[in-house]
Amino acid sequence: MADRKEQLRQWDRQHLWHPFTQMKDWCDPENTDDPLILQSGEGAYLFDIDGNRYLDGNSSIWTNIHGHNHPTITAAIKEQAEQLAHCSALGFSNEPAIELSRELVSLFPEDTLSRVFLSDDGSTAIECACKMAIQFRQLTGEPERIKFLSFTGAYHGDTAGAASLGGISTFHERFASTGFDVEQVAELADLERFDAGEFTAVILEPLIQGAAGMRVWPGGMLASLRQWCDESGVFLILDEVMTGFGRTGTMFACEREEVIPDFLCLAKGLTGGYLPLAATLTTERVFEAFLGEIEEQKTFYYGHSYCGNPLGCAAALASLHVFRDEQTLSGLPDKIDYFHATLKAAFGQDPLLQELRLCGLIAGIEFHRSEKAKTPTQGAEMCKAARQFGLLTRPIGDTIVLMPPLCITTDQIDEMVEAVREVSRLY
Ligand code: PMP
């Protein structure tokens with residue numbers, strides 16, 4: 001068995017190219033920390049091949065909702081796999097996709113978001129919204145209206161179009177010239193600089209920007225942006241890839257300011273974090289513009305092989321049922337209060353703390369750079385050190401992110417915060 005583990009580590013270094021990872025460090029024989037090979041999960045915990053247990057402090061890159069190996073979701077996937085794992089949605093349909101679209105629409109007020117386009121992941125949910133927003137203008141006599149507005153610090157995915165909307169230089173600068181025609185603004189007041197008539201849509205991560213380092217928008221910003229969109233005729237695309245499914249305390253972040261977007265992009269937590277699946281929701285007004293005779297060329301020619309994948313849809317339906325059966329949302333306010341209070345008590349007086357940013361069950365703990373840091377990437381160093389205290393997470397720069405599955409208990413919150421506290425003592 002020891003040989004098998006060593007063999008796996010060796011093969012990983014030889015063949016796997018990991019995302020967002022400097023592979024020189026990863027493959028360095030001196031680096032005995034990587035790869036950490038995970039084998040199983042149970043609730044908020046993950047286990048590696050050596051049997052070590054860790055709290056999943058960032059919900060496996062912001063995806064997991066009800067915990068790992070939840071019996072309802074696991075059973076739904078198994079049951080669906082025994083029936084039909086995949087069939088094309090191009091010209092065909094399947095039961096879980098139909099039921100999922102109905103249930104998603106039912107989460108919003110009647111006659112608002114009534115149409116659901118299913119794709120694969122956060123980036124494709126965004127691409128789909130953007131292409132719909134461009135084609136809508138072509139179909140409704142404003143073909144010149146193809147530009148997008150996005151915000152500095154934004155992150156909407158890594159496919160070329162989605163990346164061109166992003167505003168984080170490390171990730172986006174290299175490919176800035178290869179995507180949509182985008183203007184970036186830092187705040188609402190900047191919108192006035194532009195001629196709204198050139199723009200089809202503005203895109204926003206509502207309430208909190210994730211990859212920017214968990215940066216919380218001022219209260220009322222979202223509602224004001226909706227108002228600006230209504231006045232200027234620009235579509236509002238909300239990217240709830242991270243904030244969707246309870247992360248901020250309500251099912252969707254847009255509910256907090258009673259805003260309904262023209263396009264809503266969902267992914268990550270849609271399947272409870274079990275399988276890749278995304279949804280772009282939109283209105284009947286948008287949908288109807290695409291209706292016509294085949295020769296009118298109004299069809300939305302966009303689609304991926306795995307659009308509407310039955311396994312993913314079965315997992316997503318099961319996740320929505322867990323929300324209902326376990327009353328997940330009603331348990332959140334107390335849990336969120338506890339999470340915030342515990343973090344403030346742990347780090348409020350810590351001289352290493354630069355800023356603590358909180359929104360629902362999301363925390364960005366930004367530390368000052370310490371003289372004790374051994375590398376330029378202190379955050380990464382700290383997250384590696386957290387493993388020895390039983391916590392897995394990933395930093396953004398010097399900000400440690402905590403975004404546990406919603407099923408986390410108060411004892412596990414204590415455990416998670418204490419692990420970060422232990423790490424901060426080393427710096
Ligand atoms: N939008 C937001 C707000 C995200 O945080 C992410 C991923 N971190 C994406 C889009 C892209 O999603 P995916 O990685 O599933 O393509």
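# Reading a predicted model: helices, spaces and loops

Tutor: Helix 13 is mostly covered, with 7 of its 9 residues buried. Keep in mind that this is a predicted model.

Student: Which residues of helix 13 are buried?

Tutor: They are Gln378, Gly379, Glu381, Met382, Cys383, Ala385 and Ala386.

Student: Let us take one residue. Is methionine 382 buried or exposed?

Tutor: Buried means under 20% relative accessible area. Methionine 382 has 2% relative accessibility, so it counts as buried. This residue lies in helix 13.

Student: Which residues does methionine 382 touch, leaving out those up to four places away in sequence?

Tutor: Methionine 382 touches Leu352, Phe367, Ile400, Val423, Ser424 and Tyr427. For a contrast in distance, take proline 143. It is 239 residues from methionine 382 along the chain, and their C-alpha atoms are separated by 50 Å.

Student: How do I find empty space inside a structure?

Tutor: Rolling a probe the size of a water molecule over the atoms shows where empty space is left. Here the structure holds 1 cavity of 30 Å³ or more. The largest cavity has a volume of about 40 Å³.

Student: Which residues line the largest cavity?

Tutor: Met382, Cys383, Ala386, Thr393, Ile400, Val420 and Val423 line it. Helix 13 and helix 14 are the elements that give two or more residues to this lining. Helix 13 gives the most, with 3 residues. By class, the lining has 6 nonpolar residues, 1 polar and no charged ones.

Student: And pockets? How much space lies in the second largest pocket?

Tutor: About 800 Å³. The lining of the second largest pocket has 28 residues, and Val116, Phe117, Leu118, Met132 and Phe287 lie nearest its centre.

Student: Now helix 12. How far apart are its end C-alpha atoms?

Tutor: They are 22 Å apart. Helix 12 (residues 332–347) has 16 residues, which should span 22 Å at 1.5 Å a residue, so the two values agree.

Student: Which residues of helix 12 are buried?

Tutor: Leu332, Lys335, Ile336, Phe339, His340, Thr342, Leu343, Ala346 and Phe347 are buried. Seen down the axis, they fall within an arc of 165 degrees, so they line one face of helix 12. The face turned away from that buried side carries the exposed residues Asp334, Asp337, Lys344 and Ala345.

Student: What covers the buried residues of helix 12?

Tutor: The cover includes strand 13 (353–359), strand 14, strand 17 and helix 14.

Student: What should I look for in the backbone of a loop?

Tutor: Start with phi. Phi of aspartate 111 is near 60 degrees, a positive value in a residue other than glycine. Aspartate 111 lies in the loop between helix 5 and strand 4. Leucine 207 also has a positive phi, of about 70 degrees, although it is not a glycine. Leucine 207 is in the loop between strand 7 (199–204) and strand 8 (208–209).

Student: Is aspartate 111 buried or exposed? And is leucine 207 buried or exposed?

Tutor: Exposed means over 50%. Aspartate 111 has 72% relative accessibility, so it counts as exposed. Leucine 207 is buried, with a relative accessible area of 10%.

Student: Where is there a cis peptide bond?

Tutor: Look from aspartate 34 to proline 35: that bond is cis, with omega near -10 degrees. Proline 35 lies in the loop between helix 2 (23–27) and strand 1 (38–42).

Key. Residues are numbered from 1 along each chain as its sequence is written. This is a predicted model: local features need pLDDT of at least 70, side-chain atom pairs count only at pLDDT 80 or more; totals for chains, interfaces and linings use all residues. Side-chain values use heavy atoms; hydrogens and water are left out. On a 1 Å grid over the protein atoms alone, a cavity is a set of points where a 1.4 Å probe fits but cannot get out, and a pocket is an open set with protein on both sides within 12 Å along at least five of seven lines; lining residues have an atom within 4 Å of a point. Grid points are joined across faces, edges and corners, and a volume is the space filled by probe spheres set on the points. Helices (H or I, at least four residues) and strands (E, at least two) are DSSP runs, numbered from the N terminus. Ala, Val, Leu, Ile, Met, Phe, Trp, Tyr, Cys and Pro count as nonpolar, Asp, Glu, Lys and Arg as charged, and the others, Gly among them, as polar. Buried means under 20% relative accessible area, exposed over 50%, partly exposed in between (1.4 Å probe, protein chains only). Contact means heavy atoms within 4.5 Å. The expected span of a helix is 1.5 Å times one less than its number of residues. The arc is that of the directions from the helix axis to the C-beta atoms.
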